Amino acid sequence: MTRIPENLPAHIPHYIGGRRVDSIGGERFDVLDPVTNETYATAAAGRKADVDAAVDAAREAFLHGPWPRMKNRQRARILHRIADIVESRDAELAVFESFDSGLPITQARGQAQRAAENFRFFADLVVAQRDDTYKVPGTQVNYVNRKPKGVAGLITPWNTPFMLESWKLGPALASGCTVVLKPAEFTPLSASLWAGIFEEAELPTGVFNLVNGLGEEAGDALVKHPDVPLISFTGESSTGQLIFANCAPHLKAMSMELGGKSPAVVFADADLEKAIDSTLFGVFSLNGERCTAGSRILVERGVYDEFVERYAARARNIVVGDPSDPRTEVGSLVHPEHFQKVMSYIEIGRSEGRLVAGGGRPEGLDTGNFVAPTVFADVRPDARIFQEEIFGPVVAIIPFDDDAEALSLANDTRYGLAAYVWTSKLERAHLFAQSVEAGMVWLNSHNVRDLRSPFGGVKASGLGHEGGYRSLDFYSDQQAVHITLGDVHTARFGAH
């Protein structure tokens, strides 16, 4: 298998109103290969004028085009065609995604399949959905009328970009919205594939628009645009705070899935083998660049030493290498800026814990953004590597003595996205899950998603939830219609 995709573009344009176009001002930025850090393409760098053009095209398609007026079944047929095309190009998409992000090819294949499933799920859901009707016998019938909100602004991250774009595009399109997508500047390659997929599926012109560019330029313009009534954002908590402030003047609807520093709590009665398997996968899959990573591992003291020894041995054995090699388990981080951030945290960790695995660049990989899976044990609860999101293949392990201490340590963070609990005691598992400050909890499992369930966090990890009907609710306005069936008693002001 070649690492470099066939038909790799030298330039990645915007997609506005059904046309591939450059920036109005001609601005461009370099796109780097994460394995070599060499420029392999340029991308159009969107500014306010480009975002304005994309929003105008999306608004025209919303106000005068067929998409919002189609019956749900009609839209669902097109979404299923999109899913069919994505599935049929699984291998090609995986190579693009792997090359774009440094993700191991075996994990990139799974992301393409999940992208197809996202479209299928929301296509089926929008057909099956029902809205409430309330009856007051002989007096009134009240029903809910659901309408798409308008132009949806979608801002997506650089980790598993193609799949996460589908997670927003699927429900937005199913609801009848038109969209402007602003993909992460580090990974514009796989996002550029959507235009051809949507054209082949015969999505009406103007329904999908894409503007590449930096967050502080293209993203900022999209958030502040008065004709974009809702923003769905996935990314860092600090960026989410800025978007929150910029949405406020227009009272925009917001859905924000932000950072995480999720605890994985291992009790002494847990199945240790399965817990080690799961917590290794939960941190080091996707190169550690995952918002739900259980990067704070809390282990009951009775099994702590054994856990640390076995965990570190396995981490040292993880295969780091070329993302296109099927044997690779951890590939290259997405960009040299992020590589430097992760390496800086590893240096901080040397004074905050006991390094038991990794700790730098793997042997034989002298270029590119490769980081050896790194494990720190005996970490202090106030350590930066225990409190701050690193977003790389780095984990901190800490012991605890009882349930109360475990819960206190688990909740001692500004984040609250996910939590993982390993125990054979059913009552303890449920009580801990209900007490931990996290939007999602997995008991005796790593992150296995059910698209029907809510996805989102609490505290600094997000605002709002998506998934299932919650996604359709976010992209829709729900209007209450009241029908009078008989005489209504009305006070006759001014009649006397």
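**Ground rules**

I number residues from 1 along each chain as its sequence is written, and side-chain values use heavy atoms, with hydrogens and water left out. As the model is predicted, local features need pLDDT of at least 70 and side-chain atom pairs count only at pLDDT 80 or more, while totals for chains, interfaces and linings use all residues.

**Entry 1: domains**

At the interface, 25 residues of domain 1 are in contact with 31 residues of domain 2 (contact means heavy atoms within 4.5 Å).

**Entry 2: the cores**

Next I went for the nonpolar cores. A core here is a set of buried Ala, Val, Leu, Ile, Met, Phe, Trp, Tyr and Cys residues joined through side-chain atoms within 4.5 Å. Buried means under 20% relative accessible area, exposed over 50%, and partly exposed in between (1.4 Å probe, protein chains only).

The largest core has 102 residues, and Ile82, Trp194, Phe208, Phe284 and Tyr311 have the most contacts inside it. Helix H4 (residues 105–128) gives the largest share, nine residues. Helices (H or I, at least four residues) and strands (E, at least two) are DSSP runs, numbered from the N terminus. Where does this core sit relative to the two domains? It lies between them, because domain 1 and domain 2 both give residues to it. Another core lies apart from it, with 28 residues, among them Val265, Leu298, Val371 and Val421.

I then clicked on Ile82. Ignoring neighbours within four places in sequence, I get contacts from Ile82 to Phe119, Trp194, Ile197, Phe198 and Ala201.

Val86 is in helix H2 (residues 72–88). Is Val86 buried or exposed? I get 0% relative accessibility, so Val86 is buried. Leaving out neighbours within four places in sequence, Val86 is in contact with Leu93, Ala112, Ala115, Ala116, Phe162, Trp194 and Ile197.

Beyond four places in sequence, Ser255 touches Ile231, Ser232, Phe233, Leu463, Glu466 and Phe474.

In helix H9 (residues 237–247), I list Ser237, Gly240, Ile243, Asn246 and Cys247 as buried. The buried residues of H9 pack against strand E8 (151–155), helix H8 (215–224), strand E11 (230–234) and E12.

For helix H14 (residues 403–411), the buried residues are Ala406, Leu409, Ala410 and Asn411. They pack against strands E13 (263–266), E14 (296–300) and E17 (394–400), plus helices H13 (384–387) and H15 (426–435).

**Entry 3: salt bridges**

I counted 27 salt bridges, each a side-chain nitrogen of Lys or Arg within 4 Å of a carboxyl oxygen of Asp or Glu.

- Arg120 pairs with Glu87, with the closest N and O atoms 2.9 Å apart. Arg120 is in helix H4 and Glu87 in helix H2, so the pair ties together parts 33 residues apart in sequence. Arg120 is buried at 18% relative accessibility, whereas Glu87 is partly exposed at 33%.
- Arg314 pairs with Asp277, with the closest N and O atoms 2.8 Å apart. This links helix H11 (residues 301–316), holding Arg314, to helix H10 (residues 272–284), holding Asp277, 37 residues apart.
- Arg327 pairs with Asp325 at 2.8 Å between the closest N and O atoms. Arg327 is exposed at 63%, and Asp325 is partly exposed at 21%.
- Glu27, Arg47 and Glu217 are linked in a salt-bridge network.

Asn37 has a positive phi, near 60°, in a residue other than glycine. Asn37 is in the loop between strand E4 (28–32) and strand E5 (39–44), partly exposed at 25%. Asn444 also has a positive phi, near 55°. It is in the loop between strand E19 (440–443) and strand E20 (462–463), partly exposed at 39%.

Conventions
Domains from an automatic or database assignment.
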